[in-house]
Amino acid sequence: MFHPSGNHTLGAAVVWCGTSRGRDDAALVLVDDDPRWTAPVASVRWGRMVTDRPGTGCETWGVPNVAQREGRAAETAQLRGELNPGSGITHNQYVMDLLQHPPQWSGPGTSPWGGLSGAAVYCDRLLVGVVASDRAHSGSGQLNVVPAYVLHHDPAFRAALVAHGVRPAVLEAVELQQLADPATASDRRDGMMRSPAALLQAARQTVPFHGRRQLLAEMTAWCARDGFGAWLLHGPGGQGKTRLAHQLASLLAADRWAVLWPRTDATTTELSEVRHAAKPLLVVLDYAETRVQQLTALVEAADHHPGSTRLKVLLLARTGGDWWHQALTASSLAQDYLEAAPTRLLAPLEDDPDARPGAYREAARAFAAALPRIEGLSGYDWASTANSLPLPVHLSRAAFGNALTLHMTALADLLDATGPAGRPDGTGRGAGRGGTTLEQAEGVEDRLLGHERRYWLHSAATYGLSPGLSTATLETALAAAHLIGAADREHADLLWRRLPALADQPRDRRDTVTTWLTALYPVAAPLPWGTLQPDRLAERHIGRALDANPTLADWLLDGADEPQAGQLLTVYSRAAAHPVFHTRLDARLTDLCVRRHRQLARQIITIATRTHHPAPLITALATIITDPAIALHDLITLATLFPDSTRRLAHEAVHLAQTLTDRYRVFAETDRAAYLPGLAMSLNNLSVRLGDVGRREEGLTAIQEAVGHYRALAKANPDAYLPYLATSLNNLAVDLGAVGQREEALTAIQEAVDFRRALAEANPDAHLPDLAMSLNNLANRLGEVGREEGLTAIQEAVGHYRALAKANPDAYLPYLATSLNNLAVDLGAVGQREEALTAIQEAVDIRRALAEANPDAHLPDLAMSLNNLSVRLGDVGRREEALTAIQEAVDIRRALAEANPDAYLPYLATSLNNLSVRLGDVGRREEALTAIQEAVDIRRALAEANPDAHLPDLAMSLNNLAVDLGAVGQREEALTAIQEAVGQYRALTKANPTIIMNDLQSAMDVMTWLKTLPQ
């Protein structure tokens, strides 16, 4: 090895070698240690092309023949070019089209570019390949390049990197690299670092990854599925979500995937570029609960993605719940693409107390190996300290199941035992002979902040900020920076001017504070600073600042924009969750929200549905709603901000709807003309909110009153109020059906259909979708009371949806498939079996096409229609085809249930139940018995958890189990099963005699048959 500008050489060893003139024509060499050789500080960031768009700029340089002159030192040439992904694709090559004019070459050798082989090819910051040769027949205008993804596909290449201390590589998306969050990049500086806390950042992967093997296997299998897919992984801070995502990304690099971690400030326009991905791409959205708009943009990009390659979105969040439900229901597009997404609560990594000592030791040794790279900490024998550390006293406590807590404890113990502890006298505290105490473990963030503080103050002195500015002022500025943020340096100055201790400082001093923070926590421009990581350290520091100075949040909110206000509430709620503050911050956050509700109303509601610690925000909402001094228009504004559907704020939504109804009722008594529409609307909304919390009878009372008011309003002004009356009648039908008043529900939905039919005739563009929906509901109501007119209603609904789908297939094809599915059920119920089969076959065809383009969104619906197709095929005697259909449905639902058991186990049981019937039809009795036994086992477990929902299904499967047991001669076991089924049906008959009595009679018939069988 040599450097062209020097006159000395270095030794190097080949640690991996590809195949000469092969697809992997490259080598990996290890340069000998030599004081004359300065290794690069940053790790390599690897990339791959992910789109088919031509013209991506690239560059390389080396020592080609054309640059050399006899008798002179080796000279270099730097070349610029473009990569066109389609060129060389068959042989897994990149082709670099040189932008320079090809040289006239008459020298020795066959190419002017001889000697350039092995040169790295970069696209901006990403290493995408290695020059292999001059491309034949190009007139020296093109170079063949071995892509990085080819090298990473070789396990030996990856093993060589890891064996020499290089972290598992990730291939970043070349064309999307400007979207990438620099905080998650794989080129985090591996040289000297200033802060011990930097070692805890997930991107650094200081502690080797371990555990989670089963989950990783499930996630890699999910990635292997074709097309688009989303996965939500949630859990408390420090549970290991981000670290797991990095590990998954590393594994995918071996399969030629690219990975993108988008910036938090990436716009929807920028994210739309994901639609051009033509190679496997994983997008990781960290803190997804605060990035719903970006998630929506990614869904829209997926909708425009061709679907021919894999595009996966991994969502990392501290909590599931309302924000996820809102994301699902934000649009029909979001529902299509996200509804079937697996969701997983990440369990503690170190759940087994017996495994924690080993994990603690492993973490301590990993940190000991890395601590010499921290400025000022290279002179200690960290390895010996790590080996001699006593184990924490309370390692068996549940807190140590959290991976970050365990790792922070190991790092703090090392620093306290050997390094300076961040106290004024610089002395260490030590973990003590007995190891870390419980008190030290619970305050591990504060212990690490002590060491971080030394870094802050040393840097502040370097920039001349201290002693001119006090330590308290500097620490408050740092807390403010992380609590509310700034978009750029000018935005940052506005922030400093809101802090009394900095407001009177000259501009150059305030700018120096910004520069100091940029140096502490670098970030890509235009953002002025990054964040203290891991987040739990930042939250603890911010909490300390808010605890010491309760007015800090008010200072920061004066003049804050909406994003800043949202960030403040988010981070404040996270900080308040730390138990060290003993709920003091809860009360202060609630008071802040109440006092500034006009400024913060939108953020209070939004953050309450997203944070893992919503209690202070929910208390604030309850306080605002009950305050008689709050004006009506403020309550109306608040109501418009509530999500249409919310579980976390469901009771507050009822309370607010009731308060508005009460207010409108009082006003309507004095001015009926002005306030009756508002009263009717508030009653309609109240009925919906009451239904959301299961208070059906009260909801029915409210909607009945709303319908009465809308009747009066529509009589006086039908053009304005008929649509509202139709909507309230639709809701009335829902509430009546929920309380068992089926005839009355039918009357209400029939009237709603009549109104919407008239409206649709006058303005089909506006009202035809509503008519189709109400017709679908009418068909269901007619079916509930056994009236065959339901068939006519669903046929009309199908006709409307067919027309709508023809004009807008993306929006209405799924609805057409649903109505066809319902049509098949109604046709089968009246004995029109061939027509039912035709309808369900069309539904299956539509849903199969939808599932091929977007399996995660439409596979569940396809499975449902396949289940129904099996029934219809069985009705017409096509038993083998019926068995094929139900087997496919079982396979799909089994895969869905493995990823998301809460959502799909009931459906799997249904299909297994039907599979047993179809297997019995073709004489495969033993297999039928296996299927029905599995269905019974699933439904028994479900019924134990929720008997009201699942006991009828369990009784039905027990009935079928008895039949299959009897068919194979197991009479006594069959009698046991049918006796249990009869017992359950008797109990259910008391609650719903009309429906269950037929099932009971069927079970009694089975029991009679079994008793006739020989013992």
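**Close-up views of a predicted model**

**View 1. The second largest cavity in this predicted model.** The volume of the second largest cavity is about 40 Å³. In total, the structure holds 2 cavities of 30 Å³ or more. Around the second largest cavity you will find Glu-289, Thr-290, Arg-318, Thr-570, Arg-574, Ile-607, Arg-610, Thr-611 and His-612. This lining divides into 1 nonpolar, 4 polar and 4 charged residues.

**View 2. Helix 32 packed with helix 33.** Two packed helices are described by the angle between their axes and the distance between the axes. Here, helix 32 and helix 33 (residues 833-853) have axes 8 Å apart, at an angle of about 155°. Angles over 145 degrees count as roughly antiparallel, and helix 32 and helix 33 are therefore roughly antiparallel to each other. Helix 32 passes helix 33 in a crossing that is left-handed. From helix 32, the contact takes in Leu-813, Pro-814, Leu-816, Ala-817, Thr-818, Leu-820, Asn-821, Leu-823, Ala-824, Leu-827 and Gly-828. Helix 33 brings Glu-835, Ala-836, Ala-839, Ile-840, Glu-842, Ala-843, Ile-846, Arg-847 and Leu-850 to the contact. By residue type, the contact of helix 32 with helix 33 divides into 14 nonpolar, 3 polar and 3 charged.

**View 3. Helix 32 again, here with helix 30.** Helix 30 (residues 764-784) and helix 32 (residues 809-829) have axes that come within 11 Å and cross at roughly 25°. Angles under 35 degrees count as roughly parallel, so helix 30 and helix 32 are roughly parallel to each other. Their crossing is left-handed. To trace the contact, look for Pro-769, Asn-776, Ala-779 and Asn-780 on helix 30, and for Tyr-812, Ser-819, Asn-822 and Asp-826 on helix 32. The residues of this contact divide into 3 nonpolar, 4 polar and 1 charged.

**View 4. Helix 36 and its contact with helix 37.** Helix 36 (residues 901-921) packs with helix 37 (residues 925-945) at an angle of about 155°, and their axes are 8 Å apart. That angle makes helix 36 roughly antiparallel to helix 37. The crossing of helix 36 past helix 37 is left-handed. On the helix 36 side, the residues to look for are Leu-905, Pro-906, Leu-908, Ala-909, Thr-910, Leu-912, Asn-913, Leu-915, Ser-916, Leu-919 and Gly-920. They meet Arg-925, Glu-927, Ala-928, Ala-931, Ile-932, Glu-934, Ala-935, Ile-938, Arg-939 and Leu-942 of helix 37. The contact of helix 36 with helix 37 divides into 13 nonpolar, 4 polar and 4 charged residues.

View 5. Most residues other than glycine have a negative phi, and most peptide bonds are trans. You can find Pro-467 in the loop between helix 13 (444-462) and helix 14 (471-484). Pro-534 lies in the loop between helix 17 (507-520) and helix 18 (535-548).

**View 6. Arg-212 and its positive phi.** Although Arg-212 is not a glycine, its phi is positive, at about 60°. Where does Arg-212 have its place? Look in the loop between strand 10 (171-173) and helix 3 (213-224).

How values were computed: Residues numbered from 1 in each chain as written. Predicted model: local features only at pLDDT ≥ 70, side-chain atom pairs only at ≥ 80, totals over all residues. Heavy atoms only, no water. 1 Å grid on protein atoms, 1.4 Å probe; cavity = no way out; pocket = protein on both sides within 12 Å on 5 of 7 lines; lining within 4 Å. Points joined across faces, edges and corners; volume = space filled by probe spheres on them. Nonpolar A, V, L, I, M, F, W, Y, C, P; charged D, E, K, R; others polar. Axes fitted to C-alpha atoms, helices over the stretch in contact; angles between N-to-C directions. Helix = DSSP H or I, 4+ residues; strand = E, 2+ residues; numbered from the N terminus. Parallel < 35°, antiparallel > 145°, perpendicular 65-115°, else oblique. Left-handed = near helix turned anticlockwise from the far one by under 90°. Contact = heavy atoms within 4.5 Å.
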